[in-house]
Amino acid sequence: MTVTTAETPSAAGTSAADPPRRKRDVQGTKRLAALLLSPTLLVLALVIGYPVLAGFRESLYARGEGLDAQGFVVEGDRFVGLDNYTAIFQGDRAGAFWNAFSNTTFFTLTTVVLETLIGVAMALIMHQAFKGRAIVRASILVPWAIPTAISGLLWRWIFQADGAANALLGRQILWTADGFAAKAAIVIAEVWKTSPFIGLLVLAGLQMIPRDVYEAARVDGAGPVQQFFRITLPLVKPALLVAVLFRMLDVLRMFDLPAVLIGVNQRSVETLTMIAWFEASNLRYGSAAAYATVLFLYIALIAYLFVKLLGADIIGEARQQSKRRKAAS
């Protein structure tokens, strides 16, 4: 009597067949992800990619009357190559560019540092449980809700020669004139307005920290300072880095607050965005596009260095965690 037995695949055959199957699953997941992301990428290409390329193309041209190589008058747009960029760094406008570049960098460093310190303090206050906390939260967020132009007019009234600032200090300081006092006025107004933004994002991060962690730290004898540097700051770091990055990108393109509070064409507060606007308002679109392109590259460089040096690479961290999970499986 013959007994027929069903053949079962060996363990070696199963393990040998797993990698191709896993590879097909990964490829299918990637194709699905690309298909789902394609509408968003298309919109970003139209909204961001095309204006950037169009602005760079505009920076290679000059508008108006000029002379060609044979000495004939040429009207309209003419290709000038990198002449607009050369004029920025070495031409007659080099001094204005470096002044605007230094002002933009100064405003970015000073305001972001002060806003971070004040914003974290605001978040810690709003996170505490006390009577009237809702009123305190609403009052802290009011400056951020005020439009920048209105905020500039408000602070212009405060910094007038007979305004509240001089009355409080008991001195006559020309805050709205061209000088270092104008820089200080911009910093004060900007910090007052946007510190609540960092406080709001940090508060969201604080609310995600379990209270059990603090209770365990108190049982182990950790004081408030140790709890802040060992628990609060590390756990709130992702939200804080995102808030600081957003603020840096926002300050680098500052325009409306200095224009309303101090005025345009003031060397002490002129930024890269203001000088690009000034060139465009005088119909020098090629030069304005060159300034805008340089500012775009500066912002992109700052964002890249911030992400790489301070560890705000959220996508990179997610990718590393995915690799570790695959290696463990």
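Phenylalanine 101 is partly exposed, because its relative accessibility is 25% and that class lies between buried, under 20% relative accessible area, and exposed, over 50%, with a 1.4 Å probe and protein chains only. The model before you is predicted, so local features need pLDDT of at least 70 and side-chain atom pairs count only at pLDDT 80 or more, whereas totals for chains, interfaces and linings use all residues. Residues are numbered from 1 along each chain as its sequence is written, and side-chain values use heavy atoms, with hydrogens and water left out.

Helices here are DSSP runs of H or I of at least four residues, numbered from the N terminus. The ring centres of tryptophan 98 and phenylalanine 101 are 5.8 Å apart and their planes stand at 80°, so the pair is edge-to-face. For such pairs, rings of Phe, Tyr and Trp (its six-membered ring) must have centres within 6.5 Å; planes under 30 degrees apart count as stacked, over 60 as edge-to-face and the rest as tilted. Tryptophan 98 is also partly exposed, at 43%. Ring pairs join both residues to Phe89, Phe97, Tyr291 and Tyr298 in a cluster, and the whole structure holds 14 aromatic pairs.

Setting aside neighbours within four places in sequence, threonine 232 has contacts (heavy atoms within 4.5 Å) with Leu124, Leu206, Ile209, Tyr214 and Gln227.

Finally, the backbone. Most residues other than glycine have a negative phi. Which residues depart from this pattern? Asparagine 265 has a positive phi of about 60° and lies in the loop between helix H10 (256-261) and helix H11 (272-281). With 45% relative accessibility, asparagine 265 is partly exposed. Leucine 283, with phi near 65°, is found in the loop between H11 and H12. Leucine 283 is exposed, because its relative accessible area is 52%.

Methods: Helix = DSSP H or I, 4+ residues; strand = E, 2+ residues; numbered from the N terminus.
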